[in-house]
Amino acid sequence: MAGSRLPRQLFLQGVAAVFMFAFASLYTQIPGLYGAEGILPARKTLRPQGKGRWQQLWETPTLLWEAPQLGLDTTQGLELLSLLGTLLALGALLLRQLRTLLVYLLLWAAYLSAYQVGQVFLYFQWDSLLLETGFLAVLVAPLRPRHHHKQAPQGGLAGALPHEDLPFWLVRWLLFRLMFASGVVKLTSRCPAWWGLTALTYHYETQCLPTPASWFTHHLPVWLHKLCVVATFLIEIAVPPLFFAPVRRLRLAAFYSQVLLQVLIIITGNYNFFNLLTLVLTTALLDDGHLTATPGNSHCKKTASSWPRTLLAVLSLLLEFAVYGLLAYGTVHYFGLEVDWEQHAVHSRTTFTFHQFSQWLKMVTLPTMWLGVASLTWELLTALWRWTQVRGWPRRLCTAVQLLIFGTATVALFVISLVPYSYMEPSTHGRLWTGAHRLFGTVEHLQLANSYGLFRRMTGLGGRPEVVLEGSYDGHRWVEIEFMYKPGNVSRPPPIVAPHQPRLDWQMWFAALGPHSHSPWFTGLVLRLLQGKEPVIRLIRNDVTKYPFHKRPPTYLRAQRYKYWFSPPGEQSQWWRRQWVEEFFPPVSLGDPTLDVLLRQFGLQDKSPPRARSSSNTLAQALRWVRRQLSPLEPSTLLWGLLAAAGAIRVVQALHSRPHSPRSSPPGKEEKHRPAPKKDSGAATKRAAPAPDNCTSSSQSPGRKK
């Protein structure tokens, strides 16, 4: 098997980029969400219970416990963590020297600290996925930075530590759990839209934050939408087991299918950093040989190979054909694919029942776990074999300790992950080893392993529910309060927001699915808008002058529930059409008994003012100065600016490290002046892995490695 040095570097860079987006996006929203004048003040979540310092830290693992030691309140501590996390992630993205275990441990600890006080605004599956991925990055990252000359050449294994591929295997296992569970829950939910293959006829219109491409995709033919649902089931349920296929080309086919799905989702929906993070996970399906492949390598002369190698190649090819044939037959059979030549369409329908699918799931859940066990065992044996090739007792002892530590951590995390993975099949979950349940319960609050299941049920089948806030000075003339990102004005096109996640807009989408009492934070939003608190107003309109009540807060506030639909083709001036449904939140004003009862019921009353901090604190003053400089920028603009800056720096780095072409010299002169090889270079050459097909790797110069 080819090495995984380059995929590991891609993975670490990708995790750093996602952390940068996540921290920067969160930073822009902290005052409005968690400030003293925010919707859900963070200071209320950290109440000392009289416990010991370490017990308190273990039960609520957040660095914000130490904020008072710096003279900061909880909100300022959260801002400091977000700023430092953004800068540290940017550094790890740009500088190889910063992609170390310590840096990723700090990034993970900082985001976990924010997660502990984030409350409902940080309880999204991608936040949990980022924490789980971030912890895997801690294990994948090297203990200390390595210099270029210590790297193995061209995907070879010389200089590679025996344990390096073990934690990286967990990334592949995480990707499998994420995709397989996301496909399975769509069917176990019994959602009629998924079972009828009509989910995508609603999805583009009813998702939280559509893009302009969503409008065009929504109006594609119904048969094509249904065919895309079939492809989604194929990619999410049938393809993930190929992540562990022994044939490299099958793993690459699985990789490109996952990339295709994620890119299409990015184009048609604003899902912040989630799809980028999923793309980062797919790097575990790659290897050095694929990433360093050049057109010149295909013209290398292939020497005659031995008959066992030829037989293995033939068997691999036969296995590929068998897998592709089985996938094609299963898709046609279980989804009843029929080509209609007259209408130029492909018709599809589910030909299996819920009971049949449940029986199939019960039959395959445990074998998929054993598939993971078999794959992990192979990785452990491979790592053990590499350890036997280490020369020198001191180095062998050191690598043995590392292999023991990282091997134990890998096995432990795999066992822990089996518990949330088995949630999708209750009978298998009940038969799981009790030790795994106890181990998972011990570390569950650290978000080391989570259950996933995206788009479980399709909402808004009868129209997209949307909450529209309205304010008034006299209780008779009402003015709508339009948000920056979520649908409101029917003439405004859907925005492109990713990788920023406007967390208030997302929660407004969830709030519209039920009564306001199911979203207690909404009452806090109403209170802050009646009080005219600018940090909350900036969550709705970053440019405060565009907020209809920027001069004076409204006297009354209410909310209406509408149903939205994409406008039909031909209505050029409108992207949406809507219809009023019902009152979502009654008209209230400050001091209104209805509002006071709700505030008491949900524990949102300001019982005690925040503890005053010294205004002369240098760190607090610096944080306020940074906030003043960045607050005029729209959050999505800030994130795109960060991305552009990182891209520009990478271009400069690439140009700076570009090797200069040597001056031409007469034939034979280069050989004459070439330095003699060192005595120990022969041993290193023997340990290096041979290039595939006896091809040389001279097309890649060391100066081009990153």
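This is a predicted model: local features need pLDDT of at least 70, side-chain atom pairs count only at pLDDT 80 or more; totals for chains, interfaces and linings use all residues.
Buried means under 20% relative accessible area, exposed means over 50%, and partly exposed is in between (1.4 Å probe, protein chains only).

1. Residues are numbered from 1 along each chain as its sequence is written, and side-chain values use heavy atoms, with hydrogens and water left out.

2. Start with Arg-578, which is partly exposed at 30% relative accessibility. Arg-578 pairs with Glu-480 in a salt bridge (a side-chain nitrogen of Lys or Arg within 4 Å of a carboxyl oxygen of Asp or Glu), with 2.5 Å between the closest N and O atoms. Arg-578 sits in strand S6 (residues 576-588) and Glu-480 in strand S4 (residues 479-481), so the pair ties together parts 98 residues apart in sequence. Strands here are DSSP runs of E, at least two residues; helices are runs of H or I, at least four, and both are numbered from the N terminus. Glu-480 is also partly exposed, at 32%.

3. Next, look at Glu-79 and Arg-627, whose salt bridge has its closest N and O atoms 2.9 Å apart. Glu-79 belongs to helix H3 (residues 74-94) and Arg-627 to helix H23 (residues 618-630), so this pair joins parts 548 residues apart in sequence. Both Glu-79 and Arg-627 are buried.

4. The structure holds 19 salt bridges. Arg-8, Glu-164, Asp-165 and Arg-386 are linked in a network of them.
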